[in-house]
Number of protein chains: 2
Amino acid sequence: MDRIPILKIGAALLVTIQVDLHDSVAMALEEDLSNMIVKAGAKGVLIDISALEIVDSFIGRMLANIAGVARMLDADTVVVGMRPAVAITLVELGLSLPGVKTALNAERGMALIQRRVAESGLEADHAAGEF
Amino acid sequence: MDRIPILKIGAALLVTIQVDLHDSVAMALEEDLSNMIVKAGAKGVLIDISALEIVDSFIGRMLANIAGVARMLDADTVVVGMRPAVAITLVELGLSLPGVKTALNAERGMALIQRRVAESGLEADHAAGEF
């Protein structure tokens with residue numbers, strides 16, 4: 001497995017991180033996500049990290065990078081499913097994940113993105129059709 | 001990683017399969033999914049297999065099992081993102097995935113489940129709130 005699948009759901013792109021992220025996988029993910037945001041006109045990126053027991057500075061930096069790129073492309077990044085222990089570690093490491101929003105679970109993260117879509121008045125273009 | 005994360009999105013549960021499924025992981029997934037269907041009152045299970053280059057008879061059987069259990073619990077199972085080569089192999093293996101619906105991608109699979117929810121008149125209870 002060298003690529004993490006990205007799913008388009010409404011106006012959001014959804015990524016579930018389940019495996020250890022090596023350099024090449026992380027870089028491929030960043031690239032794939034950037035391309036998909038543009039191609040799909042996505043307004044948000046949901047990254048589920050509920051499977052991760054450890055988030056080190058490498059993954060923290062990757063999340064911040066993805067959020068930075070997504071913001072340039074006018075999309076929000078929401079990290080969901082963070083374990084309490086991971087939150088504690090991130091704070092201890094001094095990683096505040098700049099530009100990254102968080103939500104307790106995928107459903108709330110999706111709601112956050114839908115709200116943003118509704119606020120920007122793009123509802124008709126995206127999401128509304130399928131849901 | 002011994003458990004595959006299950007995300008609740010509207011009336012559906014979403015699973016992305018990215019790793020090789022050993023017996024224990026597959027059994028844990030079946031169990032977790034069954035519990036989540038009941039707990040969340042889900043009407044559908046979306047299984048994304050776009051990361052899988054090979055689907056052997058073990059995975060085929062697991063998908064059929066999940067679909068069987070889900071049906072007992074009144075939920076549809078939709079497999080999405082199947083690669084053309086995988087479809088060819090499944091047919092060659094004589095695995096017709098009984099009880100499993102398929103859709104080209106997650107978005108269409110989600111639409112399939114939403115339609116089923118709408119038809120059964122349960123729209124107000126589920127999905128409608130967040131989307």
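Q: Let's start with a helix on the sheet. Which strands does helix α2 of chain A lie across, and at what angle does it run to β4(A)?
A: Bear in mind that this is a predicted model. Helix α2 (residues 57-72) of chain A lies across β3 (44-48) and β4 (76-80) of chain A, and its direction makes about 150° with that of β4(A).

Q: What unit do β3(A), α2(A) and β4(A) make?
A: Together they form a β-α-β unit, and it is right-handed. The chain then goes on from β4(A) through helix α3 (residues 84-93) of chain A to β5(A), and this β-α-β crossover is right-handed too.

Q: How do I read the pairing of the strands themselves?
A: Here's the general idea: strands of a sheet pair through backbone hydrogen bonds, either parallel or antiparallel. In this model, β3(A) and β4(A) are parallel, with five bridges between them.

Q: In which sense do β1(A) and β2(A) run?
A: They're antiparallel: four bridges join β1(A) to strand β2 (residues 12-16) of chain A.

Q: What is the strand order of the whole sheet?
A: It's an open sheet of five strands in the order β1-β2-β3-β4-β5 (chain A), and the pairing is mixed. β1 (6-9) and β5 (101-103) of chain A stand at the edges with a single partner strand each, so one side of each has no neighbour in the sheet. From one strand to the next, the twist averages 25°.

Q: Is β4(A) enclosed or open to the outside, and why?
A: Count residues with under 20% relative accessible area as buried. By that reading, five of the five residues of β4(A) are buried, so the strand is largely enclosed by the rest of the structure. Both of its faces are covered: D76(A), V78(A) and V80(A) are buried on one side, T77(A) and V79(A) on the other.

Q: Now a helix in the other chain. How many residues does α1(B) have, and what distance does it reach?
A: Helix α1 (residues 23-40) of chain B has 18 residues and reaches 25 Å from its first C-alpha to its last, close to the 26 Å expected at 1.5 Å a residue. The residue G41(B) follows α1(B), with a positive phi near 60°.

Q: Which elements do the buried residues of α1(B) pack against?
A: They pack against β1 (6-9), β2 (12-16), β3 (44-48) and α2 (57-72) of chain B. Among the buried residues of α1(B) are V25(B), L29(B), L33(B) and I37(B).

Q: What should I make of a positive phi?
A: Most residues other than glycine have a negative phi. Have a look at D74(A), then: its phi is positive, near 65°, and it isn't a glycine. D74(A) lies in the loop between α2 and β4 of chain A, and at 40% relative accessibility it counts as partly exposed. D74(B) also has a positive phi, about 65°. You'll find D74(B) in the loop between α2 and β4 (76-80) of chain B, partly exposed with a relative accessible area of 39%.

Notes
Residues are numbered from 1 along each chain as its sequence is written. Chains are lettered from A and ligands numbered from 1 in the order in which they are written. This is a predicted model: local features need pLDDT of at least 70, side-chain atom pairs count only at pLDDT 80 or more; totals for chains, interfaces and linings use all residues. Side-chain values use heavy atoms; hydrogens and water are left out. Two strands pair if DSSP finds at least two bridges between them. Helices (H or I, at least four residues) and strands (E, at least two) are DSSP runs, numbered from the N terminus. Axes are lines fitted to C-alpha atoms, for helices over the stretch in contact, and angles run from 0 to 180 degrees between N-to-C directions. Contact means heavy atoms within 4.5 Å. Buried means under 20% relative accessible area, exposed over 50%, partly exposed in between (1.4 Å probe, protein chains only). A crossover is right-handed if, with the strands pointing away from the viewer, the path from the first strand over the helix to the second runs clockwise. The expected span of a helix is 1.5 Å times one less than its number of residues.
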